[in-house]
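Open the model in your viewer and keep the selection tool at hand. This tour goes stop by stop, saying what to pick and what to look for.

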Amino acid sequence: MTVIKTWTSAIALALFAGVATLPMPAVAVQPDEVLSDPALESRARDLSQDLRCLVCRNENIDESNADLARDLRVLVRERLVAGDSNDEVIDFVVERYGEYVLLRPTTTGANWMLWAAGPLMLLLALGVAAGYMRGRGRASTGGEQDLSDEEQARLNKILDE
């Protein structure tokens, strides 16, 4: 009986350890920030997923414990309670903190150059590599055919030594 209890305990402990180590979303929203209207709270959570914490960089404000992230979460909720639409809230935050606050930047304005730079640089690198390989291939096939008879005789003499 004790062996069964031991195995059962070991299995339960292993299951608990496995579940405890599963990645879970970190939510830093404090209870005093949560809105009483579930629809507005849901909208606030959706908007928070798209806004970057300016302190933590690649973490959204819903997951960040930074004071600035808390301020942004409160600001988003205040704007929603004031009656702003989702787009108006995002526009307000971007106007106040800049486009860097968006986790998914737009492709308008000067940002199109940033979006296009990667593929353009890849195409440029492929063109340079193709040109290099082509030139290298031509140089290696020229070889002895370009030598004069005198040069060929001298080369043969050197190789015989």
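How many aromatic pairs does the structure hold? The count is 0. Keep in mind from here on that this is a predicted model.

**Stop 1: the whole chain**

Show the protein chain as a cartoon. It has 6 helices and 0 strands. Read along the sequence, the pattern is α-α-α-α-α-α. Now colour by burial. Of the 161 residues in the protein chain, 20% are buried.

**Stop 2: the nonpolar core**

Select Leu47, Leu51, Ile61, Leu72, Val76, Leu80 and Val93. These residues have the most contacts inside the largest nonpolar core, which has 18 residues. Which elements give two or more residues to this core? They are α2, α3 and α4 (86–97). The largest share, 5 residues, comes from α3.

Stay with Val93 and show its neighbours. Leaving aside residues up to four places away in sequence, Val93 touches Leu51, Leu72, Leu75, Val76, Gly98 and Val101.

**Stop 3**

Select Glu41 and Arg45. Their side chains meet in a salt bridge, 3.1 Å from N to O. Both residues lie in helix α2, 4 residues apart, about one turn of the helix. Are the two partners buried or exposed? Arg45 counts as partly exposed because its relative accessibility is 27%. Glu41 counts as buried, at 8%.

Arg77 is buried, with a relative accessible area of 3%.

**Stop 4: Arg79 and its two partners**

Move to Arg79 and show Asp84 with it. Their side chains meet in a salt bridge, 2.7 Å from N to O. Arg79 counts as partly exposed, at 25% relative accessibility. Asp84 is buried, with a relative accessible area of 12%.

Salt bridges that share partners join Glu41, Arg45, Asp62 and Arg77 into one network. The structure's count comes to 5 salt bridges.

Return to Arg79 and show Phe92. The charged end of Arg79 sits over the ring of Phe92, 4.1 Å from its centre.

**Stop 5**

Select Arg52 and Tyr100. Where does the charged end of Arg52 sit? It sits over the ring of Tyr100, 4.5 Å from its centre.

**Stop 6: two cysteines**

How many disulfides does the structure hold? The count is 0. A disulfide is a covalent bond between the sulfur atoms of two cysteines. The cysteine sulfur closest to that of Cys53 is in Cys56, 3.5 Å away, so it is too far for a bond. The cut-off used here is 2.5 Å. Cys56, in turn, is in no disulfide, and its nearest cysteine sulfur is that of Cys53.

Cys53 is buried, with a relative accessible area of 0%. Cys56 counts as partly exposed, at 32% relative accessibility.

**Stop 7: Ala66**

Where is Ala66 found? It is in the loop between α2 (38–49) and α3 (67–81). Why does Ala66 count as buried? Its relative accessible area is 14%, and buried means under 20%.

Now show what Ala66 touches. Not counting residues up to four places away in sequence, the contacts of Ala66 are Cys53, Val55 and Cys56. Draw a distance from Ala66 to Val55, C-alpha to C-alpha. The two are 6.8 Å apart in space and 11 residues apart in sequence.

**Last view**

Leu72, Val76 and Leu80 are among the core residues with the most contacts.

How values were computed:
Residues numbered from 1 in each chain as written. Predicted model: local features only at pLDDT ≥ 70, side-chain atom pairs only at ≥ 80, totals over all residues. Heavy atoms only, no water. Buried < 20%, exposed > 50% of the residue type's maximum accessible area, 1.4 Å probe, protein only. Contact = heavy atoms within 4.5 Å. Phe/Tyr/Trp six-rings, centres within 6.5 Å; stacked < 30°, edge-to-face > 60°. Lys NZ or Arg CZ within 6 Å of the ring centre and 35° of its normal. Core = buried A, V, L, I, M, F, W, Y, C linked by side-chain atoms within 4.5 Å. Salt bridge = Lys/Arg side-chain N within 4 Å of Asp/Glu carboxyl O.
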